[in-house]
Amino acid sequence: MKPARLALAALIGGQLLLADAAAVEGQRQVAQLSAVPPIPLRKPAQWGAAEGGRGEVWTPAVVAEAKARCAAVLKGLDVTAIPHEPIQEGACGAPAPITLIRLGRDPEVVLSPPAVVTCDMARRLHAWVREDVQPLARKLLGAPIVTIETMSSYSCRNAYGLAKTRLSEHGRANALDIGGFLTANAESARVLADWGPTARALAAEAVQKAAAQKDQATASKPVASAGPETQPAAADPTGTAKSHWTAVIATQVKSMLGLSPLPSNNHGADEAAMLGLVEPSRLGGPKQETRGIGSPDVDRGARRSQFLRQTHTAACRHFGTVLGPEANEAHRNHLHLDLAERSRSNFCE
C-alpha cells in the first residue's frame, strides 16, 4: 500500500505543477493582450464607458507629450485658444484638445461659437483662412471675414450620425462644420442661403421640366378626325391671330398718318404699344428697373455663391475631407472640414 500511496502523491503533485505552469502562461498571455490597443467601438455614442467600452487611455505621460506637441504646432501662429481638459468618451476623445476662439490678425476672425478641436486642426484652419478665405472675401465680397459661424466641432458620434458606420472625425476633435461667414461690412455668406442650386437640384429640375413638356405636347396633340363631317377647330382669337391683326391694323394706321413702318421682331408688339394696346417698351429711353441678371441684388448673390464655392475648393488643399452641398443633402447647410488620413488624395465633394 505504501508504494501505491507514494505513486498517487507523485501523480497529484505533477498535476498541480502542470496547473501552476498553465496559470502562469495564461497570465502572461493576458498581459500581452492588455498591451494591444483596443479596437475602436462601432457605436461610440451608445457604447460609452457606462457599458464598459473604452478607447485609448490618456495617461499623464501621454497627455503631457500631447500638450507639448500642441504648443509646438501653434508656435508663431495668430491663434487665440484655451487648453481643454483631455477628452475620453468610449472610442472618442483627444489627449490635448483646445477651445479655439480666434484666428488671424488684422482682422481677427472669431469662431462663433468657439470650437473644440485639436491643435493640428487649428493650424490647418489658420492656414486656410489666411491663404484663401481672406483673399477671396476681399476680392468677391469687398471686405475681410471677421466671423466664422460654426455648427459642430467635437462630438462623439459616427459618420453622418448613423449607428453602423465608422467613427466620425468629429469624435476625434479633428473636424469642424461651418454654416457661414460674416464680413467686416456686416455682409453674410451662408451656405444654405447663398450656395445656390446644387447640380443634383438642377438635374431634378431638368427632369421635371422635360416631363412637363412631354405632358403638354401630349395634351396639345390634335384629336384624330372621327369622319368627314368633323369641322376643323376654330383659331384661338387671343393667340397668334390677334398678334397678326394687331400688327396689320397698326401698319394701316401708320400708313394713314404718313408714317413709315418700323422693322420689328416682336410681331406687332411695338405697333400695339403705339396704339396704347400694351405698355410701351421705352425704346431709346431709360431701361425699366428689374431684378434680373445685372441688378445689384443678383450680382451680390452671385458673388456670395462664388465665395462659398471657391473657399470650399481651396479647403481641399488643407484638409483630408471637404464636404459641402454638392456632396449630399446632409451637407446642404454647411461645409464639413476634417483631418482624416487618406492613402491617396484628399476627398473633396
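How are helix 2 and helix 3 oriented to each other? They are roughly parallel (an angle under 35 degrees).

This is a predicted model, where local features need pLDDT of at least 70, side-chain atom pairs count only at pLDDT 80 or more, and totals for chains, interfaces and linings use all residues. Numbering starts from 1 along each chain as its sequence is written, and side-chain values use heavy atoms, without hydrogens and water.

**Select residues 60-74 and 119-140.** These are helix 2 and helix 3, DSSP runs of H or I with at least four residues, numbered from the N terminus. Their axes come within 9 Å and cross at roughly 10°. Axes are lines fitted to C-alpha atoms over the stretch in contact, with angles from 0 to 180 degrees between N-to-C directions.

**Show the contact (heavy atoms within 4.5 Å).** Helix 2 supplies Arg-69, Cys-70, Val-73 and Leu-74. Helix 3 supplies Cys-119, Asp-120, Ala-122 and Arg-123.

**Stay on helix 2; colour by burial.** Buried means under 20% relative accessible area, exposed over 50% (1.4 Å probe, protein chains only). Val-63, Ala-66, Cys-70, Val-73 and Leu-74 are buried. The buried residues pack against strand 4 (98-103; strands are E runs of at least two) and helix 3.

**Turn to the opposite face.** Pro-60, Ala-61, Glu-65 and Ala-72 are exposed there, away from the buried side.

**Finish at Gly-76.** Just after helix 2, Gly-76 has a positive phi of about 85°.

Key:
Parallel < 35°, antiparallel > 145°, perpendicular 65-115°, else oblique.
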